[in-house]
Amino acid sequence: MEHYDWKDAYNTGIRELDSQHEYLFALTNRLLRQRENPNRAHVKGILDELYEYTEQHFAYEESLMEQSLYDDLLDHKKLHIRLKERLSLYSVEVAKGKLSVDDLCEFMKIWLINHILRQDFHFAEQVKNKKDT
Ligand SMILES: [Fe+2]
């Protein structure tokens, strides 16, 4: 796999949320380009940015959920915490050469798609419905 394509089907219809998700995809692609001849410093830089951006994105998402009194907020937050834990653990493993850049990108891509299509779609529907009422 050369590149992970962003698809229309991943859009929740909340523009800011979708552009943040798309940027997470772009960062994962930037990391993916490092997999042939990984440059330690570049990989670390991208992983740091990926972690920081993920944190900001989750904070944004959670504030949206709080504003709309989303009923699954606690469970959704737990999933965010777990991803952050995994991401920092895997980043250490990549730095130690125990995990390949490829495998980390694959994990991130699959996590993003599943999370967007299941959890984020669910809450986006509720946010949009609240706005209509
Ligand atoms: Fe989420």
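Contacts between helix 2 and helix 3 involve Val43, Lys44, Leu47, Tyr51, Thr54, Glu55, Phe58, Glu62, Met65 and Glu66 on the helix 2 side, and Leu73, His76, Lys77, His80, Lys84, Leu87, Ser88, Ser91, Val94 and Ala95 on the helix 3 side; two residues are in contact if their C-beta atoms, placed from the backbone, lie within 7 Å. These contact residues comprise nine nonpolar, five polar and six charged, where Ala, Val, Leu, Ile, Met, Phe, Trp, Tyr, Cys and Pro count as nonpolar, Asp, Glu, Lys and Arg as charged, and the others, Gly among them, as polar. The model is predicted: local features need pLDDT of at least 70 and side-chain atom pairs count only at pLDDT 80 or more, whereas totals for chains, interfaces and linings use all residues. Residues are numbered from 1 along each chain as its sequence is written.

The axes of helix 2 (residues 40-67) and helix 3 (residues 73-95) come within 11 Å and cross at roughly 175 degrees. Helix 2 is therefore roughly antiparallel to helix 3 (angles over 145 degrees; axes are lines fitted to C-alpha atoms over the stretch in contact, and angles run from 0 to 180 degrees between N-to-C directions). Helices are DSSP runs of H or I with at least four residues, numbered from the N terminus.

Helix 3 contains 23 residues and reaches 33 Å from its first C-alpha to its last, close to the 33 Å expected at 1.5 Å a residue; the expected span is 1.5 Å times one less than the number of residues. Serine 91 is found in helix 3 and touches Leu47 and Tyr51, not counting residues up to four places away in sequence. With 19 other C-beta atoms within 10 Å, serine 91 is partly exposed (buried: 20 or more such atoms; exposed: 12 or fewer; partly exposed: in between). Just after helix 3, glycine 97 adopts a positive phi of about 80 degrees.

A positive phi of about 50 degrees also occurs at leucine 69, although this residue is not a glycine. Leucine 69 lies in the loop between helix 2 and helix 3 and counts as exposed, with 10 C-beta neighbours inside 10 Å.

In helix 1, the buried residues include Leu17, His21, Phe25, Leu27, Thr28, Leu31 and Leu32. They cover an arc of only 160 degrees around the axis, so they lie on the same side of helix 1; the arc is that of the directions from the helix axis to the C-beta atoms. Arg15, Glu16 and Ser19 are exposed on the other side of helix 1.

Key: Helices (H or I, at least four residues) and strands (E, at least two) are DSSP runs, numbered from the N terminus. Angles under 35 degrees count as roughly parallel, over 145 as roughly antiparallel, 65 to 115 as roughly perpendicular and the rest as oblique.
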